[in-house]
Amino acid sequence: MLKLSEYQAAIKGLNHTPDHDPAAIQISGAYVCDMLSDVMGNAKPGQAWITIMKHLNTVAVASLAGLPAIIFAKGNQPDGAVVEKASAEGICLISSDLDTFSLAGILYSMLNA
């Protein structure tokens with residue numbers, strides 16, 4: 001397990017949901033995918049979701065799958081409606097300029113150090 005705040009610092013991530021403290025969120029791994037149905041069927045509770053999708057449905061899927069955080073790759077940033085819904089659902093939204101491969105690799109290294 002890893003504190004989301006440690007991962008956020010490593011990827012130079014921006015937290016879009018400041019009402020959710022990344023230091024209080026533990027992540028067990030990540031699911032990397034840009035297909036909602038695949039995330040619903042295969043992501044595990046406690047994982048972060050790394051994606052380039054930033055629309056409102058990502059929050060609904062993350063909530064359904066028990067994912068505490070969505071990491072937006074390649075500088076993608078959610079709009080206000082997505083941030084508001086994520087805040088209500090207790091999901092932390094973080095964006096990074098890094099690509100999905102780099103984000104996954106950094107998290108893998110941190111979890112297996």
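At 36% relative accessibility, Lys85 counts as partly exposed. The model is a predicted one. Glu89, also with a relative accessibility of 36%, counts as partly exposed. Glu89 and Lys85 form a salt bridge in which the closest N and O atoms are 3.3 Å apart. The two residues are 4 residues apart in helix α4, so about one helical turn separates them. A search of the whole structure finds 1 salt bridge.

## Nonpolar cores

The largest nonpolar core holds 18 residues. Those with the most contacts inside this core are Val39, Trp49, Leu67, Ile70, Ile91 and Leu93. Two or more residues each come from α3 (56–65), β6 (69–72) and α4 (80–89). The most is given by α3, which supplies 4 residues. Another core, apart from the largest one, has 15 residues, including Leu2, Ile27, Ile71 and Leu103. In soluble globular proteins, nonpolar side chains tend to be buried together.

Val39 can be followed through its contacts. Leaving aside neighbours within four places in sequence, Val39 is in contact with Tyr31, Cys33, Trp49, Val61, Ala65 and Leu67. Among these partners, Trp49 and Leu67 are also listed with the most contacts inside the largest core.

## The sheet

Five strands make up an open sheet with mixed pairing, in the order β2-β7-β6-β5-β4. The edges are held by β2 (14–15) and β4 (29–32). Each edge strand has a single partner strand, so one side of each is left without a neighbour in the sheet.

Within the sheet, β5 (residues 47–51) pairs with β6 in the parallel sense, over 4 bridges. Ala48 has Ala69, in β6, as its bridge partner.

## Positive phi outside glycine

Two lysines in loops have positive phi values. Lys12 is not a glycine, yet has a positive phi of about 55°. Lys12 lies in the loop between α1 (4–10) and β2, and at 73% relative accessibility it counts as exposed.

For Lys74, phi is near 55°, again a positive value in a residue other than glycine. Lys74 is found in the loop between β6 and α4. With 58% relative accessibility, Lys74 counts as exposed because the cut-off for that class is over 50%.

Terms used
Residues are numbered from 1 along each chain as its sequence is written. This is a predicted model: local features need pLDDT of at least 70, side-chain atom pairs count only at pLDDT 80 or more; totals for chains, interfaces and linings use all residues. Side-chain values use heavy atoms; hydrogens and water are left out. A nonpolar core is a set of buried Ala, Val, Leu, Ile, Met, Phe, Trp, Tyr and Cys residues joined through side-chain atoms within 4.5 Å. Buried means under 20% relative accessible area, exposed over 50%, partly exposed in between (1.4 Å probe, protein chains only). Contact means heavy atoms within 4.5 Å. Two strands pair if DSSP finds at least two bridges between them. A salt bridge is a side-chain nitrogen of Lys or Arg within 4 Å of a carboxyl oxygen of Asp or Glu.
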